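Take a short walk through this model.

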Amino acid sequence: MTLRPATYSPHSTTNGRTPVKTARQRGRGPILPKAYTFEALGLLHHGVDDSILNIVKLAGRVLDAQNSHLSVLEVEEGRQLIAASAGSLFDPMDHCEIRLDDSICQHVLATRETVAISDLQTDPRTRDIGLLKGRNLRSYIGSPIHTTTGRVIGSLCCMTTEPRVWSARDIDVLEKLARCVDDVVKARTLALEESRTRAQLENLVVSRSSYIAHISHEIRTPLTGIIASIKMLNQTKTEEQSARLKAILTRSADKLMDFVGDVLDVGRIDAGFERVVSEDTCLVDLVDQAVAEFSDLAASKSVALKVDNQLGRNSYLVDPRALTTILQNLVGNAVKFTGSGYVSVRLAQDSYGQIVIAVRDTGIGIAPVDHARIFEEFEQADPGTARSYGGTGLGMTIVKRTVERLDGTIAVSSRKGEGATFTVSLPLQIGKANSQAA
């Protein structure tokens, strides 16, 4: 296996972008930062990061190792990438890519602790790795590095050209240096959070004036229908006229109630009245419940509902009420905008340690130019959408802000007429029962 330079592209679930988050709500506990892409954190880009490189060089010098490097692991794509290195193994110091099967660092990921191998050529875990043959690499030590969620994303490693028994001191030194890398990741995550929050607040101030004007219009329209219908009911002379006016009255009242409910939900989120309550929750149960709510509507349209669960029955610490709100809106929208085909919900975990919920449909789709706009207040992808399908224009706003309340991100992939995929990424910690089992 040869090493080859690799131009890194961020993981598909985030599309290289990290959506901004709202201001920290009142009454909440400590906020768990988002899990950002390797590129955003400076672990991978078109140049070597000096802070990371200095730690890598220090590890090699202190442990008297000819080669040292920092690796990050893209499990979903089955590859290991090198963020920084010192020595001849990855010279020139460009980002190199290795198949995960040829990676020694995969054992650090599997055990989530420091791995020390005295002789790579005789150890059963590494003796058949083709990358090591002909390179005269004999010993290895690697300590895990983490995201802010505690997920192992790679390792800080040292390798020598002769067999070596790594001492307890060696292990302790490397683990302390790996924690320095964790501190760099944490500091950059918090800096990104601060920058995105400031931009969000600036945008929020600009949008408030149009928000009030839109609310006034949306309330006035159904109220006009209600008042007019009540007045005309007093003048009707036939049952047919009375039934028609009552139907208008009911539709207008329902529209007004839906709109007021959505506005109040957005207001509560913005004001911070919706507190995040973390509970040990089996995610697949929540997904099954959300999907079941729309089974009748889907069946009436001959739309198949599917759940692709890659997490088993693992439990995670999450606010079940907030996650249910997200699922209900995404699955409900997917069924509403799909005339035939299917709606699927996929549960998985990505390389950044995030839980990924992807809702995919074969519906009308969304033009790329409208992807950002659909998350804004009172906006829909097409002016005719509200007329054809109904809705207040606040559903996706509620989804986005609820996702951000859980310190996650949401992205959309879609083209007009080709269906849509909404991907929610959440930095959830594993549940207590699962932690004990692990």
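Look for Asp407 in the loop between α9 and β13. The model is a predicted one. Asp407 is not a glycine, yet its phi is positive, about 65°. Most residues other than glycine have a negative phi. Is Asp407 buried or exposed? Its relative accessibility is 4%, so Asp407 counts as buried.

Now compare Ser302. This residue sits in the loop between α6 (295-300) and β9 (303-309). Ser302 also has a positive phi, near 60°, without being a glycine. Its relative accessibility is 62%, so Ser302 counts as exposed.

Next comes the core. The largest nonpolar core holds 41 residues. Leu283, Leu323, Ile326, Leu330, Ile410, Phe422 and Val424 have the most contacts inside it. Several helices and strands each supply at least two residues of this core, among them α5 (283-293), α9 (395-405), β13 (409-414) and β14 (420-426). Which element gives the largest share? That is α7, with 8 residues.

Turn to the cavities. The structure has 2 of them at 30 Å³ or more.

Finish with the rings. The count of aromatic pairs is 0. One ring does have a charge over it: the charged end of Lys306 sits over the ring of Tyr342, 4.2 Å from the ring's centre.

Terms used
Residues numbered from 1 in each chain as written. Predicted model: local features only at pLDDT ≥ 70, side-chain atom pairs only at ≥ 80, totals over all residues. Heavy atoms only, no water. Phe/Tyr/Trp six-rings, centres within 6.5 Å; stacked < 30°, edge-to-face > 60°. Lys NZ or Arg CZ within 6 Å of the ring centre and 35° of its normal. 1 Å grid on protein atoms, 1.4 Å probe; cavity = no way out; pocket = protein on both sides within 12 Å on 5 of 7 lines; lining within 4 Å. Points joined across faces, edges and corners; volume = space filled by probe spheres on them. Core = buried A, V, L, I, M, F, W, Y, C linked by side-chain atoms within 4.5 Å. Buried < 20%, exposed > 50% of the residue type's maximum accessible area, 1.4 Å probe, protein only. Helix = DSSP H or I, 4+ residues; strand = E, 2+ residues; numbered from the N terminus.
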